[in-house]
Every structure is written in C-alpha cells, then in structure tokens.
Amino acid sequence: MDDSGCKAEKGVLYIVATPIGHLGDMTYRAVGILKTVDVIAAEDTRNTARLLSHYDIHTRLISCHEYNESERARQIVEQLASGQSAALVSDAGTPGLSDPGYRIACAAIGEGLRVAPVPGACAAVAALSAAALPLDRFLFAGFPPKKGGPLRAMLEDLAERKETLVFYESPHRIVSLLESIRNHMGDRYVVLARELTKLYEEFVRGSAGEVEAAMRKKEKIRGEITLLVSGKPDEKPEIPDPEVLEAEILSLLPDNPSTARLAAMLAKRYNCSKNDMYQAILAVKSRMET
Ligand code: SAM
C-alpha cells in the first residue's frame, strides 16, 4: 500500500478516530499516524494501550481526559510549536463527539498550528448509515441531560426540529429516555442501535412506545446505545371548506378519471377517510352532470 499521508508531519495535531467495537475498523492511515507521531494523548491510557499493542504501535502515551484537557492542551501545543507532532484519541470513535477534543483543538488553532482529522468510526454516523431514516439533515444531540427539568426542556425544544435526531444514552437510562420522548415529543418512530460493530449488534425499530416495551422485556439492557429519533412529521393540511374542496376536485378530475384513486390521493393528503373523499367526488361529478 502507498503510505503517503500515513506518516505524521511535524507541528501537526492529528485527531484520530479509533474503532467503536470491531478492531478491524481501524484505518491504515490511523495506524500509520499513530506509529509516527511523537506522542499520543489518550482519554484512558490503559484502554488505548490495548489498541496500540494490537497494532504493534509503540508511541509514547499520555493521558488527556475531561479533567486535565486544558492543562494537557497547553503542554501539547508547546510541543507542537517546538516542532513535534501529536495525536489525540478517545476511548472509542471520533474524539470531540461527546469526548475530549474541543479544548485541545481550539488551543492548537489559537496558536496557528495545523489540526488534521484522521477519520474513522463514529457511533452516531454508523447508526445513521444503517438506520434507513432520512439523512439529508440530522442533528447530533449527544447525551441528554439526566435531570427531569433540563431533559424536558431539551426534548420540547427538539420536538420542533424536522431533521433526524441522534442521542447517545447509557443502557440504564434508555427506557426512561424513550418514555420522556413519548411524553414530550409524541410517539415518534425511533431506531435504537445497540452494540454497533460488535458480536451482539442490534437495531430495534418502531414507535418510541414499542421500542420502550421491547427494552422493558429484556432482563438486563447491556451494551452501548445510540438512539435515533425521526424529525417532526410534516403536518397534514386541514380539509378545506366544501367550496374550496370542490374547486380542487374539479381541477384534479381531468388528470384523475378514477374516482377511487383520486379519493385515495385526497384522503392521504388530508389524513381523512377514503370513503368521505369518494362521496365528495361523486357529489361534484353529479353536480357537473346536472
Ligand atoms: N466519540 C464517540 C463516537 O465517535 O462515537 C462517542 C463517545 S461517547 C463517550 C460514548 C457513547 O457513544 C456511548 O455511551 C453510546 O451512546 C455511543 N456508542 C459508542 N459505541 C457504540 C456502539 N458500539 N454502539 C452503539 N452506540 C455506541
């Protein structure tokens, strides 16, 4: 394999994605960069040491977690400025997404240094890719607040969004999150993605209530969960006044000679019974004949 671009350049901070379960999801470039940087800053050095050993990487490891990120950022930026290179990895997936990374990237950019992504696994994107939900726009909501008030406020705010929503949640809070979604956003269609890329990978699809019931049936909910919630559905327009409806039927009749098909189309448009629309069309047709 051509390894151009797989060797670390001096003075660059690499943000390196690592697997979210399947070790085979490490990229060639990630291995090359981690082998050749001067230092790897990791969220949990013991966890990353196992990954590095699997790929025969012997680069120096230092910790960089939620509680020392600012301090580490200063040290790493000094090293980068002196011509060294560094990589940042989190426990799994893409650093910065509900993981440390933001502060260190800001510090490097603030000093005019180059920050380069080494893309790879990300639970949110993996879940979206196989969810069969609209992906033209989505909103990453991360971990929702644990307390009732802020959670409710967040869900009520998100209830208005039309794009697919992405949440990270722990297995012991997922049932209560689904319940809150049902209460504050309506019984939306959701896709629960559990243990992505791992042996017991599972997708559970259905309304929030159905998926909640499926989770309640489990003796113990295990593993890591990404929850996707469909965006606010388009509101169906209200059935127009009889005269307006008659005018609409008159305009549609020339292209829709089948009463049954036209009734089905209008019933879908206005979310009402096919039979009501069928009768309305017949009435318009009989008035046309007289
Ligand atoms: N930065 C990571 C990423 O890019 O996916 C996410 C880190 S966040 C601390 C961890 C959360 O991601 C988990 O609690 C879970 O919600 C989600 N997650 C991570 N791995 C997952 C997997 N294999 N399957 C489903 N969700 C996962």
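Predicted model: local features only at pLDDT ≥ 70, side-chain atom pairs only at ≥ 80, totals over all residues.
Residues are numbered from 1 along each chain as its sequence is written, and side-chain values use heavy atoms, with hydrogens and water left out.

A nonpolar core here is a set of buried Ala, Val, Leu, Ile, Met, Phe, Trp, Tyr and Cys residues joined through side-chain atoms within 4.5 Å, where buried means under 20% relative accessible area (1.4 Å probe, protein chains only). The largest such core has 24 residues, and F167, I174, L178, I181, L192 and L227 are those with the most contacts inside it. Helix 7 (174-185), strand 7 (164-169) and strand 8 (189-194) are among the elements that give it two or more residues; helices (H or I, at least four residues) and strands (E, at least two) are DSSP runs, numbered from the N terminus. Helix 7 supplies the largest share, 6 residues. A second, separate core of 19 residues includes Y14, L34, V37 and V89.

T18 lies in the loop between strand 1 (12-16) and helix 1 (28-36), and is buried, with a relative accessible area of 2%. Leaving aside neighbours within four places in sequence, T18 is in contact (heavy atoms within 4.5 Å) with residues including M26, L51, V89 and D91.

Finally, in another part of the chain, L245, E246, I249 and L250 of helix 9 meet M277, A280, I281, V284, R287 and M288 of helix 11.

Note on methods:
Buried < 20%, exposed > 50% of the residue type's maximum accessible area, 1.4 Å probe, protein only.
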